[in-house]
Amino acid sequence: MRIYVLSRNKLILSFLFLLTVVGIFTITQSSLTTPSLVRTPGTYYMANTQEKVIALTFDDGPDPIDTPEVLDILKEKKVQATFFVLGKAAQANPYLLKRLIIEGHEIGNHSFNHDYQQRRLIEEIKLTDQEVFASTGTHTYFYRPPGGLISKIQLETVNKNGHIVALWSVDSKDWRNPGVKQIVDNVIKNVFPGAIILLHDGGYQRTQTVKALGPMIDALRDRGYRLTTLSGLKVLDSEIK
Ligand SMILES: [Zn+2]
């Protein structure tokens with residue numbers, strides 16, 4: 001009788017354990033469709049390197065007001081960065097694409113319309129790539145999905161079509177407009193060797209980002225960091241995927 005009771009308790013415990021395992025598994029799987037701060041498997045969000053090198057990335061441009069200001073600062077500080085452009089913004093501001101390339105920056109693909117659901121995923125990537133190629137003669141290599149959201153199937157589709165899905169490892173949270181100092185702090189407090197930093201040069205007014213950029217670069221350099229493009233970072237990667 002006593003043995004029977006123990007077994008039943010064990011059975012209940014086993015059932016609870018199984019429920020926990022299933023729960024953890026479900027959470028892990030659902031992380032594939034949440035932003036990259038959970039470090040989505042199969043995407044490029046950091047370099048595996050001990051070297052103090054990081055990449056600044058700017059999304060949602062080119063913007064006729066904010067992008068030139070960002071570019072002026074990068075030029076003055078002698079920094080090259082990666083710009084994830086929207087096809088529609090690229091179409092409206094082709095001269096800014098030219099300037100990006102002339103000044104040594106890298107252009108990534110951020111879809112055409114910034115549709116979070118990416119219903120026309122490959123079509124938008126191709127249209128954006130065409131805009132970039134028409135203005136600069138270069139193709140895009142990295143794709144960053146709007147909002148950093150991507151499902152496993154979308155990820156595989158993008159890979160098959162020859163783009164690498166690039167997310168980020170440090171979010172400046174400049175999209176929240178939290179104040180200039182907070183943007184700098186969000187980067188400086190979380191930076192590490194091989195990190196990819198998320199910033200914005202379009203979408204909405206980016207006055208705070210523009211003001212934070214110079215102090216951010218100085219603070220990173222004070223801490224011994226070198227700044228490069230996403231491709232520049234990937235070259236250093238000890239675990240090429
Ligand atoms: Zn975006």
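Biologist: What makes the crossing of H2 and H8 right-handed or left-handed?

Modeller: In this predicted model, H2 passes H8 in a right-handed crossing. A crossing is right-handed if the near helix is turned clockwise from the far one by less than a right angle, and left-handed if anticlockwise. Helices (H or I, at least four residues) and strands (E, at least two) are DSSP runs, numbered from the N terminus.

Biologist: Why is H2 called roughly parallel to H8?

Modeller: The axes of H2 (residues 66-77) and H8 (residues 207-222) cross at roughly 15 degrees and come within 10 Å. Axes are lines fitted to C-alpha atoms, for helices over the stretch in contact, with angles from 0 to 180 degrees between N-to-C directions. Angles under 35 degrees count as roughly parallel, so H2 is roughly parallel to H8.

Biologist: How do you know what local features rest on?

Modeller: Local features need pLDDT of at least 70, side-chain atom pairs count only at pLDDT 80 or more, and totals for chains, interfaces and linings use all residues. Residues are numbered from 1 along each chain as its sequence is written.

Biologist: Why is strand S1 called mostly covered?

Modeller: A residue is buried if 20 or more other C-beta atoms, placed from the backbone, lie within 10 Å of its own. In S1 (residues 53-59), 6 of the 7 residues are buried.

Biologist: What makes S1 and S7 a pair?

Modeller: Two strands pair if DSSP finds at least two bridges between them. S1 and S7 (residues 196-200) have 5 bridges, in the parallel sense, and Ala55 stands opposite Ile196 in S7. S1 also pairs in the parallel sense with S2 (residues 82-85), over 3 bridges.

Conventions. Parallel < 35°, antiparallel > 145°, perpendicular 65-115°, else oblique. Buried ≥ 20, exposed ≤ 12 C-beta atoms within 10 Å, placed from the backbone.
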